[in-house]
Amino acid sequence: MLRDTLFLFSFIVFCISSNGGLCVEGDHEVSPHYLLCEYRTNPLGIEELHPRLSWWLPKGVKRQTAYRLLVTSDVNLLNEENAEVWDSGKVESDQSIHVEYAGMPLHSGERYYWKVKVWDGNGRESNYSPVAYWQMGLLAPEDWKARWIGYPRDLPENQVRVVDEQTGKTQTIFTPPSPSPMLRHVFTLRDKPIRATIYTTALGLYELHLNGQKVGNRILAPEWTDYHQRIQYQTYDVTHQLHSGNNAIGAILGEGWYAGLVGLVGTRQYGSQLGFLLQMEIEFADGSKKTIISDEFWKGTIAGPIRGSDLIRGETYDARMEMPGWDTTNFNDQTWIPVVRLPAVEATLTAQANEPIRITQELKPVAISEPKPGTFVYDIGQNMVGWCRFQIRGSTGQTIELRHGEALNSNGTVYWENLRGNKPNDPVKEYQKNTYICSGSEGEFYEPHFTYQGFRYVEVSGLPYRPRLEDLQAYVFHSDAPIGGTFACSNADLNQLMENILWTLRGNLHSTPTDCPQRDERLGWMGDAQLFSQAVCFLMNMAPFYTKWCQDIRDAQADDGRFSDFSPNPVKDKESFLGAPAWADAGVIIPWRIYENYGDRRILERHFEAATRWIEYLQDQNPERIWQHSRGNDYGDWLNGDWLILENWPKEGANTPKEIFATAFWAYSTELVAKMAKVLGREHDQRRYSDLAKEIKAAFNYHYVQPDGRIEGDTQTIYALALHFDLLPEGLRDAAVRHLLRKIGEYNRSVSTGIQGTNRMMLELTNNGYTDVAYDLLLNRSVPSWLYMIDQGATTIWERWDGWVEGRGFQNPGMNSFNHYALGAVGEWMVRTILGIQPVKPAYRHFVIQPRPGGKLTYAKGRVETLYGPIEVAWDIQEERLTLCCTVPPGTTATVYVPVTEDETLEVIQGEIRNEVKKENGFYVCDVQADTYHFCTAYHY
Ligand code: BGC
């Protein structure tokens with residue numbers, strides 16, 4: 001009751017505060033605001049020669065009719081008289097996102113300031129926006145004066161290959177992590193600079209220091225790309241960290257993805273010599289400039305405290321070897337030796353275009369236990385990804401171990417059987433373990449550098465005392481894509497489910513969208529990423545992250561056109577992990593998703609050719625227009641119901657035949673390529689690929705579909721895919737829906753779908769009028785179901801429905817992650833159905849709000865943040881009345897469907913409806929402009 005009252009209160013507050021007409025405060029309400037360049041606020045390191053600029057319109061403006069943009073390189077000249085770089089003049093246009101810069105040529109390293117004003121539908125002119133800026137990266141290879149340097153040492157060239165005496169087979173032995181090189185350099189400045197910018201990167205990972213401080217807040221830079229082809233550099237403004245006189249700069253290097261263990265494929269995937277590259281451009285008040293670069297005048301050591309560091313396996317840190325002041329000028333580096341210049345690196349240097357990995361939250365443990373004498377287990381209360389900072393009171397040389405795991409065994413010890421998989425060839429026997437050797441000094445603490453862990457529990461051993469709860473803090477980090485989506489409803493379990501989806505997302509965004517963050521894979525598995533992509537776009541602005549990843553996808557594409565199963569793919573040249581149905585298809589689905597959610601035509605331009613090469617490859621291999629040949633590793637509907645180990649659960653009947661599954665995806669991808677061609681105005685391609693899609697669909701029906709709509713395989717997934725990908729003739733759709741319902745019945749109203757079928761089935765149930773069945777599946781509490789996980793205390797989404805089952809315990813430890821977003825794709829259904837937000841025109845220029853109450857929910861509220869601003873929805877059912885409050889952001893339009901169960905008129909309490917309100921299949925329907933609306937009508941369950 002209290003909660004309902006609170007909701008009603010917050011609901012009213014939401015309605016009032018969202019009313020643009022009532023609330024006009026501050027500069028940003030009357031002028032354009034939230035200025036973005038290439039999706040980011042004041043980005044450094046832009047390489048686009050025509051960067052795209054976007055802004056939110058002033059509140060209360062329904063639509064923009066014109067804009068004027070000013071750009072200068074001197075912020076003091078940013079006015080209509082002096083804007084020397086670009087004055088767009090008054091442009092009659094309603095475009096407020098992705099406006100391409102069209103002024104003077106942009107220069108390497110230069111910073112540009114900009115602002116914009118707009119005119120509304122009544123010709124009223126706004127104030128200018130606050131000033132924003134962007135800074136260009138180093139645009140041409142010649143702009144790089146820096147040299148690649150490294151610490152001179154012989155590391156095992158590659159993974160060691162040994163012949164097993166008994167079997168005669170060659171085995172690859174992984175290389176254990178080796179000590180981290182530390183590099184430093186001292187330079188002199190005659191003045192304090194007015195601007196200083198560092199461009200830097202590494203072969204491996206780096207942590208950059210300047211005058212005793214870490215530079216920036218990035219973790220695991222330069223992040224992961226296919227280093228053979230492309231290496232990201234990062235740009236830092238260090239103006240305030242420099243002074244006149246001597247300055248010291250330094251870097252610590254780690255193995256990371258470059259030389260450390262990469263998931264399934266082993267160590268040393270890209271090289272064994274870690275490298276470093278840095279260029280600092282400094283400007284003084286008198287106009288003079290100076291450049292500091294990495295070169296052979298730097299010095300290095302491997303005698304520092306990081307004795308080995310690996311992303312997956314963990315870090316060993318010997319605090320006795322710390323070198324206080326190593327990154328300052330007051331340091332005696334006599335024992336350090338000159339670095340070596342490394343051979344020129346062929347790969348392209350590219351500015352990182354997405355948000356960095358950085359700490360976004362600190363969690364404090366909720367409990368501590370001692371399951372074995374002297375072994376303490378911290379419970380963070382949340383399965384999370386990052387690392388821990390641990391405060392230690394130890395004596396010199398004492399060794400403390402921190403082991404990280406996601407679950408507990410029944411005796412209270414930490415479960416880590418699922419971390420390592422089967423890796424007899426790795427001399428490192430325990431993964432996710434950080435080892436700390438104490439210096440014995442006062443106030444000692446440890447925080448790792450080049451590793452990350454997926455965990456809820458941390459086992460600490462080696463302490464001669466019982467640690468305090470406050471000795472440990474857990475830091476959550478991930479690629480920091482802005483989280484704009486929210487969801488809440490009257491069912492606490494569903495709120496927990498959405499929380500778990502979000503936590504799983506945070507846990508699996510580390511430069512690539514990973515399948516899992518804890519065990520021995522952590523790869524950018526494409527199949528998982530594509531099926532989850534809409535759920536994540538509802539919650540986060542994924543455009544920069546996916547734009548970066550689409551480049552990884554193209555880099556991983558084989559010469560013959562096959563997209564990879566995961567991207568980056570270090571082993572694509574070995575012909576491994578290429579071309580699996582639904583996995584490789586992410587090479588088409590992801591760029592299309594970006595276009596739909598962010599209106600990004602440029603991504604389609606850049607990706608189109610790659611997408612067509614994939615479809616052409618399939619066509620060459622499969623003249624019958626069914627995907628019979630070349631299906632790579634062919635995972636099919638991975639983890640479908642037949643994988644479950646449960647009493648009284650059918651052993652078979654849920655697995656979709658792989659050829660049929662594959663053909664469905666081929667048709668879908670081909671149709672998406674035809675849609676891309678249409679957007680790009682490529683008529684010939686559009687015809688060609690839509691014809692091909694029709695042929696594949698015809699072949700699908702001819703080979704696999706019976707006249708009664710039964711599809712070979714007869715699984716929940718195949719009906720879901722056939723409906724979702726629109727493969728069936730109109731006349732068979734209803735029949736397919738009936739078969740789908742029959743299959744759900746056969747499984748006792750449970751899901752038996754795998755990761756590719758589950759959310760698509762939920763969406764098709766709703767699209768075809770069976771939202772009630774979808775709610776039943778969502779609210780089911782017995783395994784397999786989402787709420788079964790919640791009932792077991794899950795705080796993230798599990799990889800398997802039966803990851804842990806009462807009475808049976810854990811599933812196969814070889815593949816049993818508790819932080820896997822695939823089954824969380826249902827977050828898409830929840831936003832589309834419960835909140836009812838559905839994109840229609842790219843970037844939500846037009847969208848639908850059509851909440852479908854069900855599952856006895858009495859309220860739901862939430863938002864999706866679009867490039868035009870937030871879409872907000874809140875509905876509430878009380879005493880047989882439904883109230884719907886929604887906000888349509890400036891510059892967009894919406895069609896609102898208000899659910900109604902009685903023959904009663906629609907009451908419009910707030911907002912102006914211009915068109916006639918229609919009644920259609922249990923909804924009042926009206927078209928609305930940007931504003932806040934408040935409707936009321938009769939509704940009961
Ligand atoms: C991953 C999956 C992935 C699959 C390929 C697994 O080990 O965790 O999520 O898609 O391999 O089928």
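Modeller: The account below begins with the helix pair and then turns to aromatic rings and backbone features.

This is a predicted model, in which local features need pLDDT of at least 70, side-chain atom pairs count only at pLDDT 80 or more, and totals for chains, interfaces and linings use all residues. Residues are numbered from 1 along each chain as its sequence is written, and side-chain values use heavy atoms, with hydrogens and water left out.

Helix H6 covers residues 526-539 and helix H8 residues 586-598; helices (H or I, at least four residues) and strands (E, at least two) are DSSP runs, numbered from the N terminus. The axes of H6 and H8 come within 9 Å and cross at roughly 10 degrees. Such axes are lines fitted to C-alpha atoms, for helices over the stretch in contact, with angles running from 0 to 180 degrees between N-to-C directions. H6 and H8 are therefore roughly parallel to each other, a term for angles under 35 degrees.

On the H6 side, the contact (heavy atoms within 4.5 Å) is made by Met-526, Ala-529, Gln-530, Ser-533, Gln-534 and Cys-537. H8 contributes Ala-586, Gly-587, Ile-589, Ile-590, Arg-593, Glu-596, Asn-597 and Tyr-598. By class, seven of these residues are nonpolar, five polar and two charged; Ala, Val, Leu, Ile, Met, Phe, Trp, Tyr, Cys and Pro count as nonpolar, Asp, Glu, Lys and Arg as charged, and the others, Gly among them, as polar.

The structure holds 51 aromatic pairs, meaning rings of Phe, Tyr and Trp (its six-membered ring) with centres within 6.5 Å. In one of them, Phe-532 and Tyr-821 are stacked (planes under 30 degrees apart), at 4.4 Å centre to centre and 10 degrees between the planes. Phe-532 belongs to H6, whereas Tyr-821 lies in the loop between strand S41 (809-810) and helix H17 (826-835), 289 residues apart in the chain. Both Phe-532 and Tyr-821 are buried, that is, under 20% relative accessible area with a 1.4 Å probe and protein chains only. One aromatic cluster is formed by Trp-525, Phe-566, Phe-577, Trp-583, Tyr-635, Trp-638 and Trp-643.

Most residues other than glycine have a negative phi. Arg-625 is buried, with a relative accessible area of 18%.

Definitions and conventions: Angles under 35 degrees count as roughly parallel, over 145 as roughly antiparallel, 65 to 115 as roughly perpendicular and the rest as oblique. Rings of Phe, Tyr and Trp (its six-membered ring) pair if their centres lie within 6.5 Å; planes under 30 degrees apart count as stacked, over 60 as edge-to-face and the rest as tilted. Buried means under 20% relative accessible area, exposed over 50%, partly exposed in between (1.4 Å probe, protein chains only).
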